[in-house]
Amino acid sequence: MQSGISALSPVLDLQPFCSDLLNEHSLQFYRATETAETLEPIDQRLQTLLKLLAPHLLDSACHKILEYLIRIYDVHVYQKTLLINMFMPFFETAFFLRMV
């Protein structure tokens with residue numbers, strides 16, 4: 001995931017997300033143990049990050065970050081509408097089929 005961040009850093013400013021969503025402490029995040037009040041700001045930050053990554057979905061560095069978000073935050077379950085909308089412009093690619 002760190003290699004994905006460093007590879008995208010010339011194109012995107014991901015530093016605001018490195019302090020909370022994309023740091024080592026997030027490895028200990030477990031969604032099922034959090035309250036709704038705790039999850040609401042996290043979900044808003046995840047939506048912002050996903051929208052920021054959307055134009056770069058064909059980049060392998062973006063794939064690494066997206067895989068991290070899927071594994072840690074279950075974005076494929078809780079942000080599925082946003083993910084589908086993100087991938088619609090790429091529906092003719094193999095990556096769209098893997099994601100859907």
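Colleague: Let's start with Asp74. Is Asp74 buried, partly exposed or exposed?

Modeller: Buried means under 20% relative accessible area and exposed means over 50%, with partly exposed in between. Asp74 has a relative accessible area of 26%, so Asp74 is partly exposed. Keep in mind that this is a predicted model.

Colleague: And where is the place of Asp74?

Modeller: Asp74 sits in the loop between α4 and α5, and α5 covers residues 75–78. There's something to spot in the backbone, too: phi of Asp74 is near 55°, which is a positive value in a residue other than glycine.

Colleague: On to aromatic rings. How many aromatic pairs does the count come to?

Modeller: Two rings pair if their centres lie within 6.5 Å. By that rule there is one aromatic pair here. Phe29 and Tyr73 make up the pair, with 5.0 Å from centre to centre and 40° between the planes. Planes under 30 degrees apart count as stacked and over 60 as edge-to-face, with the rest called tilted, and the pair of Phe29 and Tyr73 is tilted.

Colleague: Which parts of the chain does the pair link?

Modeller: Distant ones: Phe29 is in the loop between α2 and α3, while Tyr73 belongs to helix α4 (residues 60–73), 44 residues apart.

Colleague: Are they buried or exposed? I mean Phe29 and Tyr73.

Modeller: Use the cut-off from before. Phe29 has 15% relative accessibility, so Phe29 counts as buried. Tyr73 has 3%, so Tyr73 counts as buried as well.

Colleague: Now salt bridges. How many does a search of the whole structure find?

Modeller: Look for a side-chain nitrogen of Lys or Arg within 4 Å of a carboxyl oxygen of Asp or Glu. The search turns up three salt bridges. One of them joins Arg45 and Asp20, whose closest N and O atoms are 3.0 Å apart. Arg45 lies in helix α3 and Asp20 in the loop between α2 and α3, so this pair ties together parts that are 25 residues apart in sequence. Arg45 is partly exposed at 27% relative accessible area, and Asp20, at 30%, counts as partly exposed too.

Colleague: What does Arg31 form a salt bridge with?

Modeller: With Asp43; here the closest N and O atoms are 2.8 Å apart. This pair also links distant parts of the chain, with Arg31 in the loop between α2 and α3 and Asp43 in helix α3, 12 residues apart.

Colleague: Why is Arg31 called buried, and why Asp43?

Modeller: Because Arg31 has a relative accessible area of 8% and Asp43 has one of 17%. Both values go with the under 20% rule for buried.

Colleague: Where do Glu67 and Arg71 lie?

Modeller: Both are in helix α4, four residues apart, which is about one turn of the helix. Glu67 is partly exposed, with a relative accessible area of 40%, whereas Arg71 is exposed at 62%.

Colleague: How about contacts? Leaving aside neighbours within four places in sequence, what is Asn23 in contact with?

Modeller: Contact means heavy atoms within 4.5 Å. With those neighbours left aside, Asn23 touches Cys18 and Tyr68. Asn23 lies in the loop between α2 (15–18) and α3 (36–53), and Asn23 counts as buried because its relative accessibility is 16%. Turn to Cys18, in helix α2: with neighbours within four places set aside, Cys18 is in contact with Ile5 and Asn23.

Colleague: Last one, the surface. Which residues form a nonpolar patch?

Modeller: Ile84, Met88 and Phe91 do, and together they have about 290 Å² of accessible area. Met88 lies in the loop between α6 (80–87) and α7 (94–99), and with a relative accessible area of 43%, Met88 is partly exposed. For an exposed residue, look at Val11, at 55%. Val11 lies in the loop between α1 (2–8) and α2.

Definitions and conventions. Residues are numbered from 1 along each chain as its sequence is written. This is a predicted model: local features need pLDDT of at least 70, side-chain atom pairs count only at pLDDT 80 or more; totals for chains, interfaces and linings use all residues. Side-chain values use heavy atoms; hydrogens and water are left out. Helices (H or I, at least four residues) and strands (E, at least two) are DSSP runs, numbered from the N terminus. Buried means under 20% relative accessible area, exposed over 50%, partly exposed in between (1.4 Å probe, protein chains only). Patches are made of residues with over 30% relative accessible area and no salt bridge: like charges are joined within 9 Å, nonpolar side chains (Val, Leu, Ile, Met, Phe, Trp, Tyr) within 5 Å. Accessible areas come from the Shrake-Rupley method with a 1.4 Å probe; for residues, only the protein chains shown count as cover. Rings of Phe, Tyr and Trp (its six-membered ring) pair if their centres lie within 6.5 Å; planes under 30 degrees apart count as stacked, over 60 as edge-to-face and the rest as tilted.
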